[in-house]
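Take a look at the model below. Then follow the text through it, one region at a time.

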Amino acid sequence: MKRSEPTANREAGTQEYNFDGLIGPTHNYGGLSPGNVASEKSRRRPANPRQAALQGLAKMRLAHSLTGRQALLPPLERPDLAFLRRSGFTGNDARVLEKCARQAPDLLAIAYSASSMWTANAATVRPSIDGADGKLHVTSANLSAQTHRSLEPEATSPLLARLFSGIPGAILHPNLPQGNLFGDEGAANHMRLAPEHGAPGLHVFVYGRSVAGGLALPHRHPARQTLEASQAVARLHGLDGGRALFLQQNPKAIDAGAFHNDVIAVNHLGFLLVHEKAFAGGKRDIEILQKAYRQATGKTLSVCEVPARKISLATAVETYLFNSQFLDRQAGGVCLLAARECRANAKVRAFLENTLLPGDNPVSEVRYVDLRQSMRNGGGPACLRLRVALTPSEAKGVHAGVLLHEERLQRLEVLVSRHYRDRLTFSDLADPRLLLESRECLDELSGILDLPQLYRFQA
């Protein structure tokens with residue numbers, strides 16, 4: 001096959017933007033994700049939507065102060081009443097909720113799923129520099145491995161189209177077909193490695209299983225991403241000629257609770273922070289990755305491989321160390337945002353402050369953020385954001401209403417403080433007043449973000 005060379009970088013100044021998911025007013029602990037240890041432990045415990053959203057906004061505010069480039073994705077409409085009606089419940093909205101709560105409470109939990117807050121699962125992104133067509137590619141994830149998440153693409157795909165359609169030439173692919181063959185978890189199982197944001201890079205797709213078989217599989221928890229889905233996204237994005245690498249996630253890591261690659265490995269440009277048990281091939285896969293990176297970029301990949309004797313898989317999952325978030329600081333250097341659970345764990349904190357920070361890598365600062373509400377549902381700093389590398393002209397094409405600045409952050413904080421409940425139990429999901437409260441809040445939110453007719457109920 002002829003190699004498709006990436007375009008020359010015609011426009012300097014490509015930078016990474018983070019799109020964080022704003023946690024919605026019905027944030028709850030449904031415990032819907034087998035293999036997500038924190039989610040299973042928190043199943044149907046009381047949640048605090050107000051605190052959850054304010055914690056998320058605090059992280060966005062910090063990221064904006066450090067980078068000057070922060071955006072958000074609004075929450076999806078929940079409950080998904082269309083799903084409940086397709087499931088056979090009839091009557092007005094209140095009647096549908098009442099019937100479902102009484103007859104099939106598990107379906108009610110699915111309809112109220114809060115999982116769209118983790119925008120690392122929203123899509124896979126290929127920057128315009130990485131292909132011969134010179135266009136930004138975005139493919140919505142189908143999340144077909146789990147019912148509650150498979151409902152998201154129906155709303156996420158048109159949302160991403162509204163946010164990015166102003167970017168010249170942007171190609172917004174719909175999600176892959178649903179089903180067992182194409183299980184796609186988005187950027188949570190994808191890493192882009194490059195010398196800089198505006199330079200061509202290597203796309204690493206990490207899968208857990210293949211429909212073709214022949215792979216060792218986890219025994220306790222399901223593997224969600226398929227090789228076939230990863231290959232399909234790479235084709236859609238024109239990643240041939242050595243621009244894509246496919247690695248299998250270690251089944252033992254999945255069984256330990258690393259249900260996505262971003263729970264066990266994270267990168268910033270040409271630096272990879274990875275647990276030694278992340279990939280099925282172990283050190284051999286790291287060597288394959290380093291070789292592929294060198295061939296794709298002409299550069300050497302810097303790797304910090306953390307041994308299990310220092311930080312076990314269980315500790316990595318408990319603290320979400322590898323779900324930390326890298327940020328390019330306007331003042332120079334790179335900041336690592338880690339969950340405060342990393343600071344609370346003596347071994348992890350010692351690694352971050354005594355090994356990573358003084359080590360030969362781009363990290364110049366470590367900050368700890370309180371995301372307890374999200375962490376209890378199985379999502380850390382990196383779960384909450386989708387990374388998008390944009391040229392200056394592409395950035396101008398992003399819907400301006402979702403780009404954050406101080407005034408908008410303040411308006412969002414006021415919205416959350418006024419409309420979000422500070423306690424939400426599973427029994428509250430059947431309350432039609434929660435539905436009305438949520439709609440009132442989302443209606444006001446769409447105005448703040450200048451996204452009229454964003455939600456189905458507004459039509």
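Helices (H or I, at least four residues) and strands (E, at least two) are DSSP runs, numbered from the N terminus. This is a predicted model, where local features need pLDDT of at least 70, side-chain atom pairs count only at pLDDT 80 or more, and totals for chains, interfaces and linings use all residues. Residues are numbered from 1 along each chain as its sequence is written, and side-chain values use heavy atoms, without hydrogens and water.

Helix 8 spans residues 227-236 and is mostly covered, with seven of its 10 residues buried. Buried means under 20% relative accessible area, exposed over 50%, and partly exposed in between (1.4 Å probe, protein chains only). The buried residues are Leu227, Glu228, Ala229, Ser230, Ala232, Val233 and Ala234. After helix 8 comes Gly238, with a positive phi near 65 degrees.

Now turn to the nonpolar cores. Such a core is a set of buried Ala, Val, Leu, Ile, Met, Phe, Trp, Tyr and Cys residues joined through side-chain atoms within 4.5 Å. The largest one has 104 residues, and Phe19 and Leu352 have the most contacts inside it. Helix 2 (residues 49-67) gives the largest share of this core, seven residues. Another core lies apart from it and has 19 residues, among them Leu84, Tyr112, Leu151 and Leu424.

What does Phe19 touch, leaving aside its neighbours within four places in sequence? Its contacts (heavy atoms within 4.5 Å) include Leu72, Phe164, Leu386 and Val402.

Next, the helix pair. The axes of helix 16 (residues 406-419) and helix 17 (residues 432-448) come within 11 Å and cross at roughly 175 degrees. Axes are lines fitted to C-alpha atoms, for helices over the stretch in contact, and angles run from 0 to 180 degrees between N-to-C directions. The two helices are therefore roughly antiparallel, a label for angles over 145 degrees. Among the residues that meet are Arg408 and Leu412 in helix 16, and Glu440 and Leu445 in helix 17.

How many disulfides does the structure hold? It holds zero; a disulfide needs two cysteine sulfur atoms within 2.5 Å. The sulfur of Cys304 is 13 Å from the closest cysteine sulfur, in Cys342, so that pair is too far for a bond. Cys342 is buried, at 0% relative accessible area.

How values were computed: Angles under 35 degrees count as roughly parallel, over 145 as roughly antiparallel, 65 to 115 as roughly perpendicular and the rest as oblique.
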